[in-house]
Amino acid sequence: MTRPSPPSLLVLHAVRLLGLADSAAIAERARINHDRTGEILHDAQQRGWVQYNSFAGLGGWSLTEEGRTENERQLADERASADPDDVIGAVYRDFLPLNARLVRACTDWQVKPTSEDRLAPNDHIDPAWDARILDELAALNTALAPLIERLAGVLARFAGSDTRFDAALRRAQAGQNEWVDRTNIDSCHRVWFQLHEDLVATLGFDRRTEY
């Protein structure tokens, strides 16, 4: 049976996954109402787990080192009780080859080598090149759904990444190219990156040594 996560974990974890975000974005990512999110953030600030940073007219919450340590402790405790059969670890192993394909697809979306420049930017004037990449993203979309179903069967907070990825892909297929890899919207790349970070954080892995 799936396990719901406590609001305090969801909010702190959302800060980690988003990197730097305002309270509205954190509330949306954590799926906690805005007022409750604000209360949790201010409590975490008093504990030294989060800090509010502002520069160039922009501001947002981020984790402190103490907050990252606390988030990792909460995730480890949650997983120890919710996932005795290591379902999350098994899904992660199935995810890794898909992740390599996603990285390749996003690279090809950004770079289209020519005889003069192997790092030439993709100008998106070759419909066959872009269609091949969108087909690969569609295949990854299909493969992602059962992985999320398995994860959400253990921890409810994993639900939704597949629908977010599908929504971004549909926009990209409709000609909105930014929905493939833009980092400031819920693009295919951003959804996938956050899921990857969620997996390694939950499992206590270091992304620098995961391969």
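The side chains of Asp-86 and Arg-93 meet in a salt bridge at 3.9 Å, N to O (a side-chain nitrogen of Lys or Arg within 4 Å of a carboxyl oxygen of Asp or Glu). Keep in mind that this is a predicted model: local features need pLDDT of at least 70, side-chain atom pairs count only at pLDDT 80 or more, and totals for chains, interfaces and linings use all residues. Residues are numbered from 1 along each chain as its sequence is written, and side-chain values use heavy atoms, with hydrogens and water left out.

**Salt bridges**
- The structure holds 20 salt bridges.
- Arg-73 pairs with Glu-70, the closest N and O atoms being 2.7 Å apart.
- Glu-70 counts as buried at 12% relative accessibility, while Arg-73 is partly exposed at 41% (buried is under 20% relative accessible area, exposed over 50%, partly exposed in between, with a 1.4 Å probe and protein chains only).

**Positive phi**
- Asp-86 has a positive phi of about 55° although it is not a glycine, and it is found in the loop between α4 (65–82) and α5.
- His-124, in the loop between α5 and α6, has a phi near 60°.
- Asp-86 is partly exposed at 27% relative accessibility, and His-124 is partly exposed at 30%.

**Helix α9**
- α9 (residues 188–203) has 16 residues and reaches 23 Å from its first C-alpha to its last, close to the expected 22 Å (1.5 Å times one less than its number of residues).
- 13 of the 16 residues in α9 are buried.
- Gly-204 follows α9 and has a positive phi, near 75°.

**Nonpolar cores**
- The largest nonpolar core has 36 residues, and Trp-192, Leu-195 and Leu-199 are among those with the most contacts inside it (a core is a set of buried Ala, Val, Leu, Ile, Met, Phe, Trp, Tyr and Cys residues joined through side-chain atoms within 4.5 Å).
- The largest share of this core, 10 residues, comes from α5.
- Another core, of 16 residues, lies apart from it, with Leu-12, Ala-30, Ile-32 and Val-50 among its members.

Technical notes. Helix = DSSP H or I, 4+ residues; strand = E, 2+ residues; numbered from the N terminus.
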